[in-house]
Amino acid sequence: MKITIVGTGYVGLVTGACLADMGNQVLCLDIDAEKVKALNEGRIPIYEPGLEAVVKRNRTAERLIFSTDVAAGVAHGVLQLIAVGTPPGEDGSADLQHVLAAARSIGRRMDGYRVVVNKSTVTVGTADKVRAVIEEELS
């Protein structure tokens, strides 16, 4: 299966590496060009035991790629996993700006059927907000 992971932090990178290790074709997308460059050079920006070996094995097998190209990421995977940061807002609630921006980018570039999954830590009702943002971009 072709899968796109939006975000290469703790959640996105580990999820992407594990899904690739299960035999899926995974494109990990991030807007941070320096982080993507480091990942493409084999440098892992987070500490997770065993992750470096999993990433290396799946990059070598060409099941795991890293990119900043949003259009390529949306075109790649029928399954789009949003795994971006949700820092706390001033009131302590999850700040959804990055989640909604990712959804907007997906909706803007969709040319067919996609399953969009919220993998980010979000509150109940966020899926409705993500759907609304994507529908807005599609219309």
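**View 1. Helix α1 meets helix α3 in this predicted model.** Here Leu-13, Val-14, Ala-17, Ala-20 and Asp-21 of α1 touch Leu-51, Val-54, Val-55, Arg-57 and Asn-58 of α3, where contact means heavy atoms within 4.5 Å. The residues of this contact comprise 7 nonpolar, 1 polar and 2 charged (Ala, Val, Leu, Ile, Met, Phe, Trp, Tyr, Cys and Pro count as nonpolar, Asp, Glu, Lys and Arg as charged, and the others, Gly among them, as polar). Residues are numbered from 1 along each chain as its sequence is written. Local features need pLDDT of at least 70, side-chain atom pairs count only at pLDDT 80 or more, totals for chains, interfaces and linings use all residues, and side-chain values use heavy atoms, leaving out hydrogens and water.

**View 2. The axes of α1 and α3 cross.** Helix α1 (residues 10–21) and helix α3 (residues 51–60) have axes, lines fitted to C-alpha atoms over the stretch in contact, that come within 9 Å and cross at roughly 50 degrees. That makes α1 oblique to α3 (under 35 degrees is roughly parallel, over 145 roughly antiparallel, 65 to 115 roughly perpendicular, and the rest oblique).

**View 3. Five strands form an open sheet.** Follow the order β3-β2-β1-β4-β5, with parallel pairing; strands pair if DSSP finds at least two bridges between them. At the edges, β3 (64–67) and β5 (115–118) each pair on one side only. Between β1 (residues 2–6) and β2 (residues 25–29) there are 5 bridges, and Lys-2 has Gln-25 in β2 as its bridge partner.

Terms used
Axes are lines fitted to C-alpha atoms, for helices over the stretch in contact, and angles run from 0 to 180 degrees between N-to-C directions. Helices (H or I, at least four residues) and strands (E, at least two) are DSSP runs, numbered from the N terminus.
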